[in-house]
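Let's take a walk through this assembly together, starting where the chains meet and then moving inside them. Keep the 3D view open as you read.

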Amino acid sequence: MERTRFFTFTRRIIGNLFRKPATVGYPYEPVEYPERMRGHVEINIEDCITCGLCARSCPSQAIRVDRKAGTWTISRFDCVQCGSCVLACPKKCLFMKKGYTEPDVTKKSDTYTKPHDEEKDGKRGEEKPVMNVEKCMYCTLCAKKCPQGALEVNRKELTWKVDKEKCIGCAVCALACPKKAIHMEKG
Amino acid sequence: MAKRSIVPFGPQHPVLPEPVHLDLVLEDETVVGAIPSIGYIHRGLEKLVEKRDFKQYPYVAERICGICSCGHGLGYCMAVEEIMNIQVPDRANYLRTIWVEMSRIHSHLLWLGLLADAMGFESLFMESWRLREKILDMFDETTGGRIIHSVNQVGGVQKDMDSTMLNDILSAIKDIESQLKPIINTFLQDYTVQSRLKGAGVLSREDAISLGAVGPMLRASGEPYDVRMLGYGAYKDLSVEPIISTDCDSYARCEVRLKELLQSFELIREAIGKIPDGPISVPVKGNPAGEYFVRIEQPRGEAIYYVKANGTKYLDRFRLRTPTTSNIPPMVEMLKGCQLADVPILILTIDPCVSCTER
Amino acid sequence: MDGKNEIRKISLAGFFPAVVAMKAEDWRLVQICAVTVDDGYEMSYSFSKGYDMVTLRLEVDENEEIASITHIYPCAFLQENEAEELFGVKIGHIEPDYHDKLYRIDEETPFKKKE
């Protein structure tokens, strides 16, 4: 049994009259955010290969990728800042930066367009997978991981084919191969 | 013969923190019976597991509730890892345990503030929440988010904490502990607090066990049941003891939660002292098939996670039985015989978290 | 320490006596879970004593009625009402019965069909 006392909190209350407030006067005073804070998603659009893996991994479906137009759109108010797209990107062009999206009256989204580069146009995503016949085990992992379904691997007949029209050069197959039998080559 | 009347209580009420509705049957000022009613924030999140990849679902699972979010992500990932027979590295277990214990500290400080507010003691409520801000700042620094952490993934954790961050956690805890003394003294020894809490809402040990109470409600009635003794995560290497009290009233529940707060400080210090080096996650191959039940100790009690998988990347069923679902029947029993003015305090002593209950 | 965690299959006829036997040995009811399978439902009733947990697994068709266990374990009413409302499992004589008004959702038995 604890004993009973009176006026236990008085000393703290009188001290609080003279202490400065514990809160930050935001938004009039600036706030320091820590480095790891998951505030909003930013992209280095030059490195993006529009493979669409980030859009597939978003739990709230806030990202839209248009391969033909070369745009990457994120709906800022649907994004829940989970960081799933950052982990999924094979080229590591997505980052979480600190600072939250400002409140607004309508739901806005941000679109980033890939820079139209005359020399590189038509050459982006040009690198296609090439298989090393000695190392390949026909385990079909590359075909399962391909986001565009461009690989056909047949275990029984020992064939490996890539559909160059569908392939976008994201190199997920090269990353997934357990024997490192795929490398990317131009042409 | 006294006149009976029915008074609706909640879901909008100045002192009630959670949207639960009770129809109180009153005789003059004494409550004779209560009928609970929930369903104001049902989102059907368990249905979403059939449409989201099992590796994406931790992000949904931890958004079921804001206060218990670290535990929900942990429980789901543990269930899937058991089905797929994945061994999580030791360092990941220790990191998960440190984050879950910090989540327990933050939840108990939140509850203490709400209890003080329900009694009308607003400056004590502000002081408790001022201390809670220090833990939220630590979460922001180490995981990236104040309430929703997004660090658990199937196979381990996503982010590592180096020794500077661990030392920051230790100094934050030392700071909080030294400033917690006047608050503990007020909660346990002040005359007004004692006269509101002592003798209110008595739940005997037999009633608590037969009605299915869990967590601090069960431990305050004298039954030593703490799921951390099962040894999941890093708890098998740490010294955990269930904290019990035999008084069975609201004052005992307040005492149990305060002592658990102090125990969490010791557990975090011990875990940071013993944390091993190594990888923080293992790669996950294939799809799960099978079913499993996982029990973990959330700040509010024992939570059970059931996962059923059928071999594709979408799961068949995910069910989460939260501690508040089990604590509502004993709460209804406890309300019989109390005064109308005590009803908000008794509802708060079960630590309700209705967004978990309704998912 | 390790707790036991096992699943036992039981038939509809032997279900009620098994629950009464659990109560006689002082097991606490912990959860009631419903899963939709191809031609019916799979109900799991979990009990716990000390640190062990035992689950009784019951498979029923869509139209078979299960007896409610609220007369033995009064704390089961919330979870049985939820199974009835969201899945459409037929459970008789729940006390108190909310008659599908527990969650007050617009669609009837939304969890019944699989996407």
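Two residues are in contact here if their C-beta atoms, placed from the backbone, lie within 7 Å. Please also keep in mind that this is a predicted model.

With that cut-off in hand, turn to the place where chain C meets chain B. On this interface, 27 residues of chain C are in contact with 28 residues of chain B. Which parts of chain C supply at least two residues each to the side that touches chain B? They are strand 2 (28-37), strand 4 (52-61) and helix 2 (77-87) of chain C. Strand 2 of chain C gives the most, with 6 residues. If you sort the residues on this side of chain C by class, you will find 16 nonpolar, 6 polar and 5 charged.

Chain A also meets chain B. There, 19 residues of chain A are in contact with 21 residues of chain B. The side of chain A that touches chain B holds 8 nonpolar, 5 polar and 6 charged residues. Of the 2 pairs of chains that touch, chains B and C have the most contacts. Chain A and chain C, on the other hand, do not touch, and their nearest C-alpha atoms are 17 Å apart.

Now for the chains themselves, beginning with chain C. Chain C has 2 helices and 6 strands, and from the N terminus on its elements follow the order β-α-β-β-β-β-α-β. The radius of gyration of chain C is 14 Å, close to the 13 Å that the globule rule gives for 115 residues, so chain C is as compact as a globular protein of that length. Along its principal axes, the C-alpha trace of chain C spans about 45 × 30 × 30 Å. Buried residues account for 36% of the 115 residues in chain C. Among contacts in chain C with a separation of 6 or more, 50% are between residues 24 or more positions apart.

Chain B can be described in the same terms. It contains 12 helices and 8 strands. Its radius of gyration is 21 Å, close to the 21 Å that the globule rule gives for 359 residues, so chain B is as compact as a globular protein of that length. The C-alpha atoms of chain B fill a box of roughly 70 × 45 × 35 Å along the principal axes. In chain B, 54% of the 359 residues are buried. Looking at contacts in chain B between residues at least 6 apart in sequence, 69% join residues at least 24 apart.

Start with helix 3 (residues 90-119) and helix 9 (residues 250-274) of chain B, which pack at an angle of about 155° with their axes 9 Å apart. Angles over 145 degrees count as roughly antiparallel, and helix 3 and helix 9 of chain B are therefore roughly antiparallel to each other. Their crossing is left-handed. Among the residues that make this contact are Ile98(B), Ile105(B) and Trp111(B) of helix 3, along with Leu261(B), Leu267(B) and Ile268(B) of helix 9. By class, the contact has 12 nonpolar, 3 polar and 4 charged residues.

The other pair is helix 4 (residues 122-143) and helix 5 (residues 163-189) of chain B. How are these two helices placed, in angle and in distance between axes? They pack at an angle of about 170°, with their axes 10 Å apart, which makes helix 4 of chain B roughly antiparallel to helix 5 of chain B. The residues in contact include Leu124(B), Leu131(B) and Met138(B) from helix 4, and Ile169(B), Ile176(B) and Ile183(B) from helix 5. This contact divides into 9 nonpolar, 4 polar and 5 charged residues.

Finally, zoom in on a single residue. Leu218(B) lies in helix 8 (residues 216-219) of chain B. Is Leu218(B) buried or exposed? A residue counts as buried if 20 or more other C-beta atoms lie within 10 Å of its own. Leu218(B) has 29 other C-beta atoms within 10 Å, so it is buried. Leaving aside residues up to four places away in sequence, Leu218(B) touches Ala208(B), Ala213(B), Glu223(B) and Tyr225(B). Leu218(B) and Ser204(B) are 14 residues apart in sequence, and their C-alpha atoms are 9.5 Å apart in space.

Key: Residues are numbered from 1 along each chain as its sequence is written. Chains are lettered from A and ligands numbered from 1 in the order in which they are written. This is a predicted model: local features need pLDDT of at least 70, side-chain atom pairs count only at pLDDT 80 or more; totals for chains, interfaces and linings use all residues. Helices (H or I, at least four residues) and strands (E, at least two) are DSSP runs, numbered from the N terminus. Ala, Val, Leu, Ile, Met, Phe, Trp, Tyr, Cys and Pro count as nonpolar, Asp, Glu, Lys and Arg as charged, and the others, Gly among them, as polar. Axes are lines fitted to C-alpha atoms, for helices over the stretch in contact, and angles run from 0 to 180 degrees between N-to-C directions. Angles under 35 degrees count as roughly parallel, over 145 as roughly antiparallel, 65 to 115 as roughly perpendicular and the rest as oblique. A crossing is left-handed if the near helix is turned anticlockwise from the far one by less than a right angle, and right-handed if clockwise. The radius of gyration is taken over C-alpha atoms; the globule rule is 2.2 Å times the number of residues to the power 0.38. A residue is buried if 20 or more other C-beta atoms lie within 10 Å of its own, exposed if 12 or fewer, and partly exposed in between; C-beta atoms are placed from the backbone.
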